[in-house]
Structure formats: structure tokens, C-alpha cells
Amino acid sequence: METISLRHINDMHSHFGPWPKIKRFLLKKEPANGTVFRFDIGDAIDRLHPLTDTTLGKGNVAIMNEANYTAVTIGNNEGLVMPHRDLNHLYDKADFDVLLANLVDEDSNGQPAWAKPYQIYQSQAGTKMAVIGMTAPYQQTYQTLGWLPEDPEEVLNRFLPEMRKQADVVVLLSHLGLLTDRDLAKKYDLDVIIGAHTHRVLPNGELDQGTWLAAAGRYGDHVGEVLLSLDDQHQLQAVSAKAYRTDDLPAEAMDEETVAAIDQAGVEAETKEMATTYQPAITRRQQASDCLKALQDFYHLPVAICSTGLFLKDLPAGPKSKYDFLCDMPHTIQPMLIHLTGRQLLDWLMEYEEKANDLVDQRIKGSGFRGQVFGQLIMAGLQKNAIGEWTYQDQPIEEGRTYAVATLDHYRWLDFFKMLDEAPAEIRLDVFLREMMAQYYQKIEEEAVFIPAT
């Protein structure tokens, strides 16, 4: 009999606090008569952390190399918060395979050069294991960045038959979410699906129509292991899956120092990079007003909407570093030009009026937002006239007309403001809110320098 250990982690989001424990778990001794394979199932990076932000994820890859991973797949934090050119080079120095079968590079209309759709691995006893990786196929957003996502079922229909011919065991690294994993388990001949994306923990795995599912939470709060028992003919005899709480794993004396060094390296590197030479200190409230001006300038449009809860700290006087902006605006939120009918725009404004008092202190989580509360919605170019009608550039809004508004994609992904969900929108996925704001302040600084004397 042979034992194969599949050790896995997912959705770390650059939370390095548990990393020393996780690394030791991944690298612990092999089982008797066994082989270990190590996997990360995506969203390893998150530009919330200064090391990730300043290195565009390459710092994470260097740290991952320490754990001797076999392979990884990508999550939306690799795929959607990295410009196309930077994702193309994220794994240049990786010591592991990147497996990704459902994303096409629009430039070549083929497989990304840095990834393989699947790979066949062989255990010490000769068992062949086919491992395929897939990520959540966000159609509109990926296409904006020059990637063409494919439907997971179409991909499995294409690759699974050839994988089955070559391998004794088939494993899917799935950054697709637990509901999708369960659906695929019912439809396809997969031995194991190691899942991610929805941040679920399966403490003892889950057996679904002959397929074992495993998942290890988020932020490194759990690590997982799937044990496969195979006979001498490489036939699968038994499977067990378990997720372990990282807090329950033993600590060592230097763990805190190791994590502190990672954090400090990021802070020092990003503090040295100036985002703008703009001199005045800027309060949170002033930043919200400036955000309207930045959006107007970015889209060359007089009408803009943003909210006060996006700004977490005052910006200091003097030149301001990338780290200043990261601490103030850590969100993965991007500029959005949206086109609404007059009816949709009025519905948005009226819904906000109804919810305004509650939204001031409404706690918001997810969808790229890394602050606390929504705050107040503020506007430029939209106001009520003397008789209480909403106006767009001082003209009453007509229900049948189409209006353009410069705003942020944050409002499209929230659970409220449903009228924004399907409206035509152009989201600038190559620019974060903090980068747009820094560019705006730098433009003000440069224009002030070159104002001719009178």
C-alpha cells in the first residue's frame, strides 16, 4: 500500500501572520511509504499588504518558494488586481508549476505562457496523478484586462478524458467556490477537488458522488491535508480529508520575528516610493471632495459620485509615499464610467436618500472594500432644483435619456443599489482608487508649479 499526501492552503490574501506555522505543516515529514504534494488554490496575494503592493506579488512568490509547493492556481486577486503585463511576469521566479486551464490570453488567443492547463505528477511508488487548475471565470472583468475566461464544464469536457487516460488519480485545484465544486463533483469523474474562493472550511472533507471535496478557509486560519491510500496497482482504496486550525499548530520562538520582518520589508520598500510631491496635508473629508474632482478629471466628465467611507486616514503634509496612500485607501476599488437611463439614475438617488441615515454607519465587507463603514454619498453635477427635482448639470433628469456618471465600481458590487448591476459600465481595472487620487494630487502640484507669475 502507498499513501499520497495532498497538503493545501487557499485564500491567504497576504496574511503572513500564520505563515511560519503553515510552512512547517507543508514541509513536515512524509508519511511512511508515501509522497507529499503541496498546493496553493489561489488568492495567495492581496495588495492590501505593502510587500504585495510594492512588489506586485513577486514578494509573495519568493516566500511561497520556501514551502516547496508542487503547484498553484490563481484566484481573482491574482487575475483581476494585476495588470495584464504584471500577471504575465508574476511567476517569473516561481519554483512551482502554475496550473490554469480556463483562462485564454487574448493577445495570443492561447494558453498563458506562464501556466499549464494540467500536469501529470508521479509518486515515489509510480502512481500517476493528473492535476488541473481553474479559477472563477468573471467574464466582463477578465475581458477588460485582456483575458478570456472559459466555462469550467467546457474545460473539463475537453481535458478530463485525456487526463483519465494518462493518470491513476485526477485532482482539481478549484478557485471556483464550494457550490460550483459540489456541482462538478456530481457531473464529473474527479477523485479530489481542493477548493477555494468562498472561504469555506470543510473540517473533515465532504464526499459527493464519489468525489472528495476539501477546503481550508481563508487568511491562513486553516491548513488542509487529503490522504490517498492506493494499492500496488495504483488503485485508490481510501481517502480522508482534514482541515486543521492553524492556531492549534505549535509555535516556535522566531515566528513573530519572521512575520515582523516580512511586514517591515513591505513598509520600508513602499515608504521609499513617493506617490506624489503634493505638499499640503489632506483631511479625510477633503479627500472625499477631491475624489469627485479626480473622477471628473479622470473621465473628463462634469458629473461624479463617491462616498466618504472610502478614506480612512488624513494624508500628511509634504511628499506622500505609496504607503501613505495604501494605509488611507487599501481597497481594490477602481474608477468606473457608468451609463444610466434617467429612470435608473433617479432610482439610485432616491434609494440613497431613503437609506442615507443608515448608510452613514453601515458596516461594509467584501467586494474590494477594506474600510469600516459606507459613510455619506457625495456628488458633483447632481443636485435638486428649487422645486425639488433632481437635476443633471442644472437640467431636470429625463427618465428616457441616458446619462454618464463618473464613479467607482464599489457601488456596482454592493448588495444594494441594484439598478447599477446591469447598467453599461467601463471599469478601469488597471488603476486603483488610491492611484487615481495620487495622480490627481500630483497633477495639481505640477500645475501649481508652472502657474506663471502675474
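This report walks through some backbone, aromatic and charged features of a predicted model.

## Ground rules

The model is predicted, so local features need pLDDT of at least 70 and side-chain atom pairs count only at pLDDT 80 or more, while totals for chains, interfaces and linings use all residues. Residues are numbered from 1 along each chain as its sequence is written, and side-chain values use heavy atoms, with hydrogens and water left out.

Helices (H or I, at least four residues) and strands (E, at least two) are DSSP runs, numbered from the N terminus.

Most residues other than glycine have a negative phi. Asn109 turns up in the loop between β5 (103–105) and β6 (118–122). His197 also has a positive phi, about 85 degrees, without being a glycine, and is placed in the loop between β10 (192–195) and β11 (206–208).

Are these two residues buried or exposed? For the cut-offs, buried means under 20% relative accessible area, exposed over 50%, and partly exposed in between (1.4 Å probe, protein chains only). Asn109 is exposed, at 59% relative accessible area, whereas His197 is buried, at 18%.

## Aromatic pairs

A search of the whole structure turns up 17 aromatic pairs. Rings of Phe, Tyr and Trp (its six-membered ring) pair if their centres lie within 6.5 Å; planes under 30 degrees apart are stacked, over 60 edge-to-face, and the rest tilted. One of the pairs is Phe37 with Tyr121, tilted, with 6.0 Å centre to centre and 50 degrees between the planes. Phe37 belongs to strand β2 (residues 34–40) and Tyr121 to strand β6, so this pair ties together parts that are 84 residues apart in sequence. Phe37 is buried at 6% relative accessibility, and Tyr121 is buried at 11%.

Then there's Trp348 with Tyr411, also tilted, at 6.4 Å centre to centre and 45 degrees between the planes. Elsewhere, ring pairs join Tyr69, Tyr91, Phe96, Trp114 and Trp147 into a cluster.

## Lysines over Tyr244

Which lysines lie over the ring of Tyr244? The charged end of Lys28 sits 5.9 Å from the ring centre, and Lys242 lies over the face of Tyr244 at 5.5 Å. To count, NZ of Lys or CZ of Arg has to be within 6 Å of the ring centre and within 35 degrees of the ring normal.

## Salt bridges

The structure holds 27 salt bridges, each a side-chain nitrogen of Lys or Arg within 4 Å of a carboxyl oxygen of Asp or Glu. Among them is Glu252 with Arg24, whose closest N and O atoms are 3.5 Å apart. Glu252 lies in the loop between β14 (236–245) and α9 (255–271), and Arg24 in helix α1 (residues 19–27), so the pair ties together parts 228 residues apart in sequence. Glu252 is partly exposed at 49%, as is Arg24 at 25%.

Lys187 bridges to Glu153, with 2.8 Å between the closest N and O atoms. That pair links helix α8 (residues 178–187), holding Lys187, to helix α7 (residues 152–166), holding Glu153, 34 residues apart. For Glu353 and Lys384, the closest N and O atoms are 2.8 Å apart; Glu353 is in helix α12 and Lys384 in strand β20 (residues 382–384), 31 residues apart. Finally, salt bridges that share partners join Arg47, Asp53, Arg434 and Glu435 into one network.
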